[in-house]
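Look at the sequence and structure, then try each task before reading on.

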Amino acid sequence: MRLKLHVPEPAVRPGGTPDFSNIRIPRAGQVDRPDIEVDAEAIRDLAFSVIRVLNRDGEAVGPWAGALSDSELLEGLRHMMTLRAFDARMQMAQRQGKTSFYMQHLGEEAVSCAFRNALSPGDMNFPTYRQAGLLIAGGYSLIEMACQIYSNTHDPLKGRQLPVMYSSKEHGFFSISGNLATQYIQAVGWAMASAIKNDTRIAVGWIGDGATAESDFHAALVFASTYRAPVVLNIVNNQWAISTFQGIARGGSGTFAARGLGFGIPALRVDGNDYLAVHAVAKWACERARRNLGPTLIEHVTYRVGSHSSSDDPAGYRPKTESDAWPLGDPVIRLKNHLIVRGAWSDKRHRQTEAEIMDTVIAAQKEAESHGTLHSPKHASARDMFDGVFSQMPPHLRRQRQESGV
């Protein structure tokens, strides 16, 4: 028999009817919540299921429910709405030529916003370019975020990073790298260092489904497992790695979470569009890390509604109506409906809050633009490229700076 190479293909192409029948979704509340000290093998089935809290009636049900008060949920809703409004304004700014590049979070807001509220001061995230919710939920300045995107005179990173590649040590947000998966092994190393110093802080690694094909992903799991590093390793499975569907990087493992089982790491899958479920799973995994019980691998099952970036057109590789068919819904709408069911919210208050948040975002945008945009004369100084590297500038750099006239 002649050999044939298997190349996975998406279930449907542009122009076809969206099909998510391959995603098995259990009822909300159906998946058990294991003890914090559980062995990885004992919860093997959680790597193939999906932990959910919110049912289709907007009710929080099951053993993972009940950890958040109404006020905490309302705050979480505002965080997601703020991220969505900020995304809309920055995407528009990119189309207007005010910045060269932008990446939206549309449909994925619950993943980073909910997870951030499970962390403690001093914990360090090693994010990708789609976790700005960690900053917004952590109280980071919208003005500084916009200034970084514009690379203007008030850019906190002084024009040294691609737009959206933020960094803030004070907010537990390690510098984003454009090289895929490097942050994963760095998160494990940071966690190991914290343990060596007998500290109390944990690390959190983030990666997209496509980047799990990188070797750094596997190296991170080896070190995390061997040294029982106090780290939570997140995989955000938004179904698409730019134009490549998630089946390419997933391979034959069935789920991304299942990758952890071979390393003896407890692995879970969670409904990434369910704010309550993401928060509950994050708290569980963070508690394991703090108790010296080692790493946890979490696959967030979500969907990237928008384009991969402002340079991408998803119509070329998936049906235009695919996002409407996504079975886990919209994270903002689902949390809004839950709060209405609880009597803590209403459609009227939601509309008012949307308008208030948009006003706040626009005010922050205008303030940032007063310090310059891509095509204005106000940019980070070229002189800044020589600073912040050496404690004492070596002679060859001083000479180069003088020759450049800055």
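Helices (H or I, at least four residues) and strands (E, at least two) are DSSP runs, numbered from the N terminus. This is a predicted model: local features need pLDDT of at least 70, side-chain atom pairs count only at pLDDT 80 or more, and totals for chains, interfaces and linings use all residues. Residues are numbered from 1 along each chain as its sequence is written, and side-chain values use heavy atoms, with hydrogens and water left out.

**Exercise 1.** Describe residues 3-41.

Step 1. Take the secondary structure: the span is 0% helix and 0% strand.
Step 2. Take the ends: their C-alpha atoms lie 35 Å apart.

**Exercise 2.** Describe residues 79-375 in the same terms.

Step 1. Here the chain is 42% helix and 10% strand.
Step 2. The end C-alpha atoms are 30 Å apart.

**Exercise 3.** Is R318 buried or exposed, and what does R318 touch?

Step 1. Locate R318: the loop between β7 (296-301) and α9 (322-325) holds this residue.
Step 2. Check the area. R318 has a relative accessible area of 4%, so R318 is buried (under 20%; exposed is over 50%, partly exposed in between; 1.4 Å probe, protein chains only).
Step 3. List contacts (heavy atoms within 4.5 Å). Not counting residues up to four places away in sequence, R318 touches P14, W240, Y303, R304, V305 and G306.
Step 4. Look along the chain. G16 is 302 residues from R318 in sequence, yet 8.4 Å away in space, C-alpha to C-alpha.
Step 5. Follow the side chain. The R318 side chain reaches the backbone oxygen of R304 at 3.0 Å.

Notes
A polar contact is a pair of N or O atoms within 3.5 Å; within protein, one must be able to donate a hydrogen and the other to accept it, and residues adjacent in sequence count only if both atoms are side-chain atoms.
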